[in-house]
Amino acid sequence: MSDEKNTELKTELKEKKTLFSPIFFEVGTGMGTIEKGIHWVTSIIMILLSVVLICGVLVSFVGIPKHFAAIVAGKPDALLGLLEFAAGAIIGIELVYVIIAQNLESVIEILMIALTRELLIRYWELWEIVMGIIGIAILFAVKKFLLEKNDKIPNLD
């Protein structure tokens, strides 16, 4: 094979690795047997916790009809309860994504979602709301200006 073919194959492998790059089961070259074993065990634990979180989110969907019934009945806080439920489910799903993706952008996204959820659900003083908005703005700025290209989630379009 020519050098060009080798370079193309390496580039393709690198691109495929960035499309789905969980650190599960990837073991560094300088690791000993004990370190590799610990890495495998922790990877399996992360996968099991991800499955448990997904199951928990799916089981929590059983409560959705109760929220809709409360909205139809005209209860005053019913919509807020539905929003709280939806935000909690989204945070659970994003947490699974953070565990799997293991990159800085996904961590920043879950922080933005969690902070937004808290701002919407709880009753805050005005200065606390302003601080929350400033926090979200800082997270957006970090995501836009400070993340390196290799820390961003690749576009799967």
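Colleague: What does I134 count as, buried or exposed or in between?

Modeller: I134 has 41% relative accessibility. Buried means under 20% relative accessible area and exposed over 50%, with partly exposed in between (1.4 Å probe, protein chains only). I134 therefore counts as partly exposed.

This is a predicted model, in which local features need pLDDT of at least 70, side-chain atom pairs count only at pLDDT 80 or more, and totals for chains, interfaces and linings use all residues. Residues are numbered from 1 along each chain as its sequence is written, and side-chain values use heavy atoms, leaving out hydrogens and water.

Colleague: Which helix holds I134?

Modeller: Helices are DSSP runs (H or I, at least four residues), numbered from the N terminus. The run of residues 126-146 includes I134 and is helix α6.

Colleague: How far apart in space are I90 and I113?

Modeller: I90 is found in helix α4 and, at 43% relative accessibility, counts as partly exposed. In sequence, I90 and I113 are 23 residues apart. From C-alpha to C-alpha, the distance is 8.1 Å.

Colleague: How are α3 and α4 oriented to each other?

Modeller: Helix α3 (residues 64-72) packs on helix α4 (residues 78-101) with axes 8 Å apart, at an angle of about 155°. Angles under 35 degrees count as roughly parallel, over 145 as roughly antiparallel, 65 to 115 as roughly perpendicular and the rest as oblique. The two helices, α3 and α4, are therefore roughly antiparallel.

Colleague: What is the distance between the axes of α2 and α4?

Modeller: Helix α2 (residues 33-60) meets α4 at an angle of about 160°, so α2 and α4 are roughly antiparallel. Axes are lines fitted to C-alpha atoms, for helices over the stretch in contact, and angles run from 0 to 180 degrees between N-to-C directions. The axes of α2 and α4 are apart by 10 Å.
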